[in-house]
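Open the structure in your viewer and keep the selection tool at hand. This tour goes stop by stop: what to select, then what is there.

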Amino acid sequence: MKKQLLLFLSLLGYFSLHAQSKKPNILYILVDQWRAQSIGYAGDQVVKTPHLDQLEKESLNLRRAISGMPVCSPHRASLITGQYPLTHGVFMNDVLLDSNSTTIAKSYKQAGYQTAYIGKWHMDGHGRSSYIPVTRRQGFDYWKALECTHDYNHSEYYSGDSPVKKTWESYDAIAQSEDVVKYLKAQSNSSQPFMLFISIGSPHDPYQTAPEKYRKMYENVTIKLRDNVPPENREKAIKDARGYYAHMTAIDDCVGQMWQTLKDQGLDENTILVFSSDHGDLLGSHGAWNKQQPYEESIRVPFLLHYPKAFGRKGKKVDVLLNTPDIMPTLLGLTHMKVPKTVEGHDFSSVLKAKKKDNVKYTLISCVQPFGQWPRAKGGREYRGLVSDRYTYVKDLQGPWLMFDNKNDPFQTTNLVNQASVKGIQSQMEKALQAELKKRKDEFHSGLYYVKQWNYLIDETETVPYQKVNYQGIPIKDLSTGYPQNIK
């Protein structure tokens with residue numbers, strides 16, 4: 001009897017210690033084209049984001065987070081490799097990320113984590129509706145994903161190893177979030193940690209396709225546009241903002257549901273919950289729409305990091321210049337894992353834990369090759385630049401192009417480039433930019449130089465013609481624009 005009691009107490013101690021030492025889970029919520037400025041806690045008084053507002057009150061708010069190359073595929077490739085675009089080669093949409101890459105999923109899988117991916121992928125380059133085989137899933141096991149679609153109400157996906165296409169039963173953000181809920185419930189009693197990515201396609205345009213319930217919320221409200229939207233763009237911007245906000249509120253409800261499930265299942269304390277976006281949306285600012293450009297509405301993204309076990313439940317604003325390649329090493333650092341040598345990003349985990357001072361003064365932004373929604377016909381151009389805690393400095397192939405004092409001119413309406421008042425600061429940032437480019441082995445050639453180097457096929461607009469052939473010129477059988485059929 002005494003031996004049985006000792007055995008019981010020993011096992012109890014083992015399982016108690018095991019539970020305490022269990023590695024943290026990760027739930028990464030990635031949305032598409034949600035700019036940092038359009039959210040309740042950031043000061044937008046029109047958009048309804050109550051769940052995210054509450055999450056911000058209980059999280060680290062990395063309010064200077066940057067999408068270093070603000071367009072879909074480059075961000076995603078940098079996010080999961082910790083590398084800059086000229087290293088991993090994904091500097092345009094609809095090209096393939098090398099399946100031999102060292103990725104965040106492979107790293108966590110090797111460490112004993114379950115890995116899962118739900119939603120939009122956009123790193124495969126073999127057509128937007130084509131089946132993605134296991135060998136090109138970069139280490140993710142649980143799989144309910146599609147390369148790319150913005151047809152949110154008829155959204156397709158592939159599940160597991162089956163090449164048979166399925167359709168989400170409702171507006172995809174809602175259906176995908178419900179799948180996350182099921183996944184989390186299944187993990188609540190597991191001794192194995194998980195890393196789960198949900199990648200939501202909205203609030204990316206088309207703007208007017210959120211469920212009617214959410215669109216009605218913004219039908220008659222007064223929309224306040226940003227001060228840098230020109231008068232001639234206001235009517236369109238107001239209409240689009242109504243739909244943009246509707247998508248956001250729908251997503252906010254989804255975030256609330258997923259977060260509540262973490263709490264209900266006893267997972268919240270030891271789960272790193274991240275909410276972020278791949279890039280922003282100009283939505284009429286500077287007379288432009290969408291992304292790629294170096295303005296704040298394009299490059300600045302929300303980044304909430306909720307991890308009660310390490311940071312408690314009292315919110316804190318953090319001003320580190322987190323760039324896309326920094327995300328992988330920072331998460332690895334927070335989970336006490338070794339950062340692979342292939343990673344180029346900076347590990348901010350010790351800074352976030354207040355164990356180390358922040359010594360990052362600048363972070364790199366770039367457009368290697370303009371394409372798609374920002375072609376040369378619409379002013380698209382190559383650029384390299386730096387963002388500091390106050391200034392944005394950008395060069396194109398002709399030389400210095402833009403410089404803004406983001407403290408005194410938050411809407412970036414006054415270009416200070418080459419002005420005497422900032423001569424010293426511009427010179428300092430130019431020197432720092434050259435040092436950063438040298439570090440990245442970036443000689444800042446024309447975009448077509450790199451297109452040729454990576455052997456990508458492009459059309460007359462210098463965009464990968466993903467609707468007919470892939471980036472290699474191979475015909476695509478499963479044709480899709482990624483948009484609803486009635487929208488060009």
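**Stop 1: the second largest cavity**

Begin inside the protein. The second largest cavity has a volume of about 70 Å³. Its lining is made up of 13 residues, and G119, K120, T149, S155 and Q176 are the closest to its centre. Remember that you are looking at a predicted model.

Now colour β3 (114–120), β5 (156–159), α6 (172–187) and β7 (194–203). Each of these supplies at least two residues of this lining. Which of them gives the most? Strand β7 does, with 3 residues. By class, the lining has 4 nonpolar, 6 polar and 3 charged residues.

**Stop 2: D179**

Stay with helix α6 and select D179, which is found there. Is D179 buried or exposed? D179 has a relative accessible area of 6%. The cut-off for buried is under 20%, so D179 counts as buried. Next, show what D179 touches. Leaving aside neighbours within four places in sequence, D179 is in contact with I118, Y142, K144 and W168.

**Stop 3: two cis peptide bonds**

Go to strand β7 and select P203, which has its place there. The peptide bond that joins S202 and P203 is cis, with omega of about 10 degrees.

Then step along to D205 and P206. The bond from D205 to P206 is cis, with omega near 10 degrees. P206 sits in the loop between β7 and α7 (212–215).

**Stop 4: the largest pocket**

Colour the lining by class: 15 residues are nonpolar, 15 are polar and 13 are charged.

Which helix gives the most to this lining? Helix α8 (residues 234–264) does, with 3 residues. Select α8 from end to end. Helix α8 has 31 residues and reaches 44 Å from its first C-alpha to its last, close to the 45 Å expected at 1.5 Å a residue. Just after α8, find G266, where phi is positive at about 70 degrees.

**Stop 5: the second largest pocket**

Select A36, Q37, A42, R226 and P410. Of the 39 residues that line the second largest pocket, these are the closest to its centre. The second largest pocket holds about 930 Å³ of space. Its lining divides into 17 nonpolar, 8 polar and 14 charged residues.

**Stop 6: two positive phi values in loops**

Select Q138, in the loop between β3 and β4 (142–146). Phi of Q138 is near 60 degrees, a positive value in a residue other than glycine. Q138 is buried, at 3% relative accessibility.

Now select L283. This residue lies in the loop between β8 (271–277) and α9 (296–299). Phi of L283 is near 45 degrees, again positive in a residue other than glycine. L283 is buried, with a relative accessible area of 3%.

**Stop 7: the largest cavity**

How many cavities of 30 Å³ or more does the structure hold? There are 3. In the largest cavity lies about 180 Å³ of space. Select Y84, P85, L86, L364 and S366, which lie nearest its centre among 20 lining residues. Helices α3 (72–81) and α4 (85–88) and strand β11 each supply at least two residues of the lining. By class, this lining has 8 nonpolar, 8 polar and 4 charged residues.

**Stop 8: helix α13**

Move on to helix α13, residues 423–439. Its 17 residues should span 24 Å at 1.5 Å a residue, and its end C-alpha atoms are 24 Å apart, so the two agree. Show Q426, M429, E430, A432, L433, E436 and L437, which are buried in α13.

Look at the spacing. An α-helix has 3.6 residues a turn, so residues three or four places apart point the same way. What covers the buried residues of α13? The cover includes β11 (363–367), β12 (383–387), β13 (391–396) and β14 (399–405). Just after α13, K441 takes a positive phi of about 55 degrees.

**Last stop: an annotated stretch**

Finally, select residues 24–336. An unreviewed UniProt entry annotates this stretch as "domain: Sulfatase N-terminal". Over these residues the chain is 31% helix and 17% strand. The end C-alpha atoms of the stretch are 10 Å apart.

Key:
Residues numbered from 1 in each chain as written. Predicted model: local features only at pLDDT ≥ 70, side-chain atom pairs only at ≥ 80, totals over all residues. Heavy atoms only, no water. Helix = DSSP H or I, 4+ residues; strand = E, 2+ residues; numbered from the N terminus. Expected span 1.5 Å × (residues − 1). Buried < 20%, exposed > 50% of the residue type's maximum accessible area, 1.4 Å probe, protein only. Contact = heavy atoms within 4.5 Å. Nonpolar A, V, L, I, M, F, W, Y, C, P; charged D, E, K, R; others polar. 1 Å grid on protein atoms, 1.4 Å probe; cavity = no way out; pocket = protein on both sides within 12 Å on 5 of 7 lines; lining within 4 Å. Points joined across faces, edges and corners; volume = space filled by probe spheres on them. UniProt positions renumbered as here; feature names shortened; annotations may be inferred.
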